Amino acid sequence: MMSKSTIKVPLYECKVVLIVTSTMEELQQHVYKKKKANVDVLDTHGVVFNWGNAEYVLALKEESLSHNLLAHELFHLVMAITHDIDIEDEESQAWLVGYLTEQVYKVLNKKKFVIKG
């Protein structure tokens with residue numbers, strides 16, 4: 001099972017596709033089917049990548065959902081977004097971390113995903 005939701009980030013003119021997947025194999029097949037790209041995500045519990053056109057993917061393995069995993073991957077996501085638009089200001093990056101954290105938790109809670117301590 002794969003759950004997908006889109007989070008718009010108007011201030012940074014981009015969007016984030018949040019994917020929660022049962023298995024990373026399922027994610028790998030999805031990426032290949034959508035983009036014809038071979039990415040090896042099998043040894044991960046979460047991953048961030050750029051689809052292009054200001055669209056980023058934050059993918060998480062459902063059974064591994066934890067506050068630690070979310071913080072880790074959200075950091076990578078913010079670094080990718082701000083790097084691509086040449087923002088190095090920590091305050092801007094911190095604002096984006098807060099915004100995306102809030103939005104991701106809203107989606108996960110709405111879809112009733114369980115986040116482990």
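Colleague: Which residues of helix 3 are buried?

Modeller: Buried means under 20% relative accessible area, exposed over 50%, and partly exposed in between, with a 1.4 Å probe and protein chains only. In helix 3 the buried residues are Q93, L96, L100, Q103, V104, V107 and L108. Seen down the helix axis, these residues fall within an arc of 130°, so they line one face of helix 3. The arc is that of the directions from the helix axis to the C-beta atoms. On the other side of helix 3, E91 and K110 are exposed.

Colleague: What kind of model is this, and how are residues numbered?

Modeller: This is a predicted model, in which local features need pLDDT of at least 70, side-chain atom pairs count only at pLDDT 80 or more, and totals for chains, interfaces and linings use all residues. Residues are numbered from 1 along each chain as its sequence is written, and side-chain values use heavy atoms, with hydrogens and water left out.

Colleague: What do the buried residues of helix 3 pack against?

Modeller: Helices (H or I, at least four residues) and strands (E, at least two) are DSSP runs, numbered from the N terminus. Contact means heavy atoms within 4.5 Å. The buried residues of helix 3 pack against strand 1, strand 2 (14–21), strand 4 (55–61) and helix 2 (67–84).

Colleague: What span should helix 3 have?

Modeller: The expected span is 1.5 Å times one less than the number of residues. Helix 3 (residues 90–110) has 21 residues and should span 30 Å; its end C-alpha atoms are 30 Å apart, which agrees. After helix 3 comes K112, with a positive phi near 60°.

Colleague: How many aromatic pairs does the structure hold?

Modeller: Rings of Phe, Tyr and Trp (its six-membered ring) pair if their centres lie within 6.5 Å; planes under 30 degrees apart count as stacked, over 60 as edge-to-face and the rest as tilted. The structure holds three such pairs. F49 and W51 have ring centres 5.2 Å apart and planes at 80°, so this pair is edge-to-face. For W95 and Y99 the centres are 5.2 Å apart and the planes at 10°, so that pair is stacked. W95 and Y99 both lie in helix 3, four residues apart, about one turn of the helix. Ring pairs link Y12, W95 and Y99 into a cluster.

Colleague: Is S3 buried or exposed?

Modeller: S3, in strand 1 (residues 2–9), counts as buried because its relative accessibility is 9%. Not counting residues up to four places away in sequence, S3 touches L18, I19, V20, K111 and F113.
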